[in-house]
Every structure is written in C-alpha cells, then in structure tokens.
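Please find below my notes on the two-chain model, as numbered points.

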Amino acid sequence: MTLGQAQARDGVQGAALRVDRVACTASGLCAGWLPERITLDEWGYPVLDRTPLTADLLGHARRAAGSCPVRALQLHLRTG
Amino acid sequence: MMLTAPPPRLPWPTDVDASRLLGLLQGADLRGRGGAAFPTTTKIASALGRRPVLIVNACDGEPLVAKDEVLLRLAPGLVADGAALVARAVGATEVVLAVHAGSAAQRHAHGLVAGLAGRWPAPRVLAVPHRYVASEAGALASAARGGPSLPFDREQPMTAGATGGRGSVLVLNAETLAQVARAWAGDTVPTRLVTLSGALASTGVVETTDEVTVADLVLGRGGRTAHPPRAVLLGGYGGSWATWDAVASLTLAQLDAGPGLGAGLIHVLGPADCPVAAVTGISDYLAAESAGQCGPCMFGLPALAGDWRELGDGRTASEAWQRWQRRLPVVQGRGACGHPDGAVRQMASALAAFGPHLEQHRAGLCDAVAARERAAVPA
C-alpha cells in the first residue's frame, strides 16, 4: 500500500479544520464544499465532524476554507 | 481559616522559588475556585517564564455568588499575598485586579491596590461591565489590554499567548490566590468558601472544609427548615441541579467527583419553590446574557429556553421535548467560551432532577403551588 492509499483510508496526520466561532457569519458555503465533514445546524452555523480528513478530501477541505467570506474556517496542516 | 482568623503575616519573599510554590499547591491539590476547577499548578506552570499579565478575578461572575467580595472585604491581605507570590513566581509584568464596575468589591479593590506599592508589579483595578460573560477569563484578558469585555475564540491557552501578537495572560480567581497564600504560609487545612442562597433562614458566604456534608452545611449554617429542601443548584447558573435526596449526605469532596461546586454556590429550592419556574428564570437570563458573538449561543440559548418554557407549560410539551433533546447536544461545545456549555449543563441537569415535576406540569399541576397554598391556610 502506498502512502497515498494509507492516507485515503486512515486520514492525513495533522490535518484539521477549525472554525472561529466569533468570526463565523453562517454563510454556509463551507458545507457545500465539504459535506463529508461539515453540516449546518438549524441556524446555518457549521458543525464539524472530527473524523480525520482523508487525503481525497484535502482539496475540498482547502476550498471549503477558501470559500469562507470572513476566513472563519481554517485548514491546519501540521507537520511532524 | 480565611475569614475568621487574622491573615498570616508572611515574611515578604524577595524571590519566590517557583518549584517550591508549585510543589505546595500540588500537595494541596488546589483547583481553581472560579468555577472550572482547573488544577492551579498546571495553569501557573504553563505561564512560567512567559512574563504574563496576571489577572486576579474578583468579579463574582455568578450572580448568586458573593465570595470574592467577602474575601476582598474580610481578608484582602490573603488575596494580595497570593497574587504577589504568583506574580513573583511567573515574573508577571503587571497585576490587574478585576471587579464589576459599581460593585462593593470595586470599592474594596481600590483600597487594596492603593496599599500595594512594591508588592505587586504595576498594580491596577480593572472595572468591567455588569454582564455575565464580562468576567469570563478571555473577556477579562481582552478588557485588560483595552479591548471589549467580550470572550474571544482562542486556539491555545491564554498563558501561551494568543494568535495576533497578544502576550501571555494568567487569570486566577481571588479565592484561588487566597488559597495559594495559605498554602505558602503552611496552613494545610483545606477550606473553601461557599455561598448559601435561596430558601434558608440565613444566607451568605461561609467558610467550610471538604469533609462536611451538604446537609450539615446547608441546614447547620443556613438554618434548619420546617421541611427538607426540594433541590439545590450547585456551582452557579452554569452549574448543575440536584434533588436534595441525591446530594444531602454527600461531602463537598464527593461533590467534586460528581457535579462539582463550581464557583462555590449552593442555592436551595424549598417545597414552595417551583423548579420549572426557577429553571425558566435562569435559562432566560443566560440566553439574554449571551455575548451575541457565536451563532450556536446567540440563537441556541433562546431556542432552548423557549423549549423549556413550553415543556413547563405542558400544552405542546411533546414537540418541545423533541426539539429540546435535539438542540442540547448541538449547542454544547460550540461557543468561543464556555457560556453555552454552562447553560446546557444547567438545563440538562434540570431534566434529570425534575422529570417527575415536569410530569405534574404536563397534567396542569404543581406541588409547589400546593405548598404555598398550604402555608396560607390555618392548620
């Protein structure tokens, strides 16, 4: 199994989404980009699923963070 | 003891050995008395070498709690010594004594700080608005650096310094610091300040030990009641309800292992106090006191309070019940500060404690009303 396959199955070490609750304005765009990990509550605010991000979701996760109009959603990629 | 004995006059240490201080606090198993019961040694250790701003939280942020004010009035020297010790140990650059604007504590605070020349680095009083969240640790840190009295979202402990170039901030409760001074002075009998409130002959702040039972403390110091209390709210508005029968025989140390004593509140409901009304009042208050910054808190707390009102009202109880059950876990843990978590804790514990009473309300009945009517007629 290649590293890529392992990451697709087990999650990418150190990759995590975080939302700044104060900054978030409930645009809801993030859930459109990453429904696998982000759902919206009844008021439109994101609920994050803490299941590790797999490699095949990283691109969408990056776009989800990029789509946030107030940069409240951040994708952290910690190494080491 | 803190309130009844004269404070120990410490020989003024010019240099505080941090490892000795932490060892003493570890030995005393001191945990924060502001509400969260976080291990004090862990918090202080995380600030070592970071030259933090030390904030002494004497706000009595829980509306029914009065211990910080009592401490500043009766034992200001202990708070002063505790803060001085910690400030030396961590190399604090300034010490900020935080109180609510216009409170009795604010008057004591100005007197205390005026006499502290040379004992605290750069001492000053910070008066914050009369809002529930204004005394939250992050809100105090924000106000201390001239920002709004509002919590902010933080990725790491404030002692580590936050993102955006803010420096390290160490926030400790006034009673916690008084306990630090006691430990340093070799006074090893663990005590705590408890505010007794509600349906008692005598209410107010008492100092007690961990080994006292809730019944002995409440009935012994609060005055024996004609009928046993119905229930207690432990810790504060963001604390936990429990029926009297469930906790009367427990010691305070045993409470620590369960619901906890939070900021040291024991608020008593008597037989004539309707718990549904009490929970409604607190839930509405907490909803109104949201800082209005985080959506799940700003919208979730009023929704939950409304659901509870309907549950108590009885007519549409089953739909309200389903909404409420669905919303509680959604709101939990989704604020920048712990405000929504406290509100959820209070409401969820109310359900566990008052389920049978809610059933009465669904049938249009309330035994608290009966108890009040009984008191009004001759035997």
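Which residue of chain B forms a salt bridge with A:Asp41?

1. Basis. This is a predicted model, in which local features need pLDDT of at least 70, side-chain atom pairs count only at pLDDT 80 or more, and totals for chains, interfaces and linings use all residues. Residues are numbered from 1 along each chain as its sequence is written, chains are lettered from A and ligands numbered from 1 in the order in which they are written, and side-chain values use heavy atoms, with hydrogens and water left out.

2. Salt bridge across the interface. The partner of A:Asp41 is B:Arg334, with the closest N and O atoms 2.9 Å apart. A salt bridge here is a side-chain nitrogen of Lys or Arg within 4 Å of a carboxyl oxygen of Asp or Glu.

3. Interface extent. Chain A gives 14 residues to the contact and chain B gives 20, where contact means heavy atoms within 4.5 Å. About 1300 Å² is buried between the two chains, and carbon and sulfur atoms give 54% of that area. On the chain A side, A:Arg21, A:Val22 and A:Trp43 lose the most area to chain B, together 50% of what that side buries. Buried area is the accessible area (1.4 Å probe) that two parts lose on being put together, summed over both.

4. B:Arg327 and B:Asp307 pair through their side chains at 2.8 Å, N to O. B:Arg327 belongs to helix H13 (residues 317-331) of chain B and B:Asp307 to helix H12 (residues 295-313) of chain B, so the pair ties together parts 20 residues apart in sequence. Both residues are buried, that is, under 20% relative accessible area, with exposed meaning over 50% and partly exposed in between (1.4 Å probe, protein chains only). Through shared partners, salt bridges join A:Glu42, B:Asp307, B:Glu310, B:Arg323, B:Arg326 and B:Arg327 into one network. Helices (H or I, at least four residues) and strands (E, at least two) are DSSP runs, numbered from the N terminus.

5. Two further pairs in chain B. The side chains of B:Arg124 and B:Glu94 form a salt bridge at 3.1 Å, N to O. This pair links distant parts of the chain, 30 residues apart: B:Arg124 is in strand S3 and B:Glu94 in strand S2 (residues 94-100). B:Glu69 and B:Arg73 also form a salt bridge, with the closest N and O atoms 3.1 Å apart. Both of these lie in helix H3 (residues 67-74), four residues apart, about one turn of the helix. B:Glu69 is buried at 15% relative accessibility, whereas B:Arg73 is partly exposed at 44%.

6. Helix packing. H12(B) packs with helix H14 (residues 339-362) of chain B at an angle of about 10°, their axes 11 Å apart. The axes are lines fitted to C-alpha atoms, for helices over the stretch in contact, and angles run from 0 to 180 degrees between N-to-C directions. The residues of this contact divide into 13 nonpolar, three polar and one charged; B:Trp308 in H12(B) and B:Met347 in H14(B) are among them.

7. Backbone angles to check. B:Ala37 has a phi near 55°, a positive value in a residue other than glycine. B:Ala122 also has a positive phi, of about 45°. Most residues other than glycine have a negative phi.

Technical notes: Nonpolar A, V, L, I, M, F, W, Y, C, P; charged D, E, K, R; others polar.
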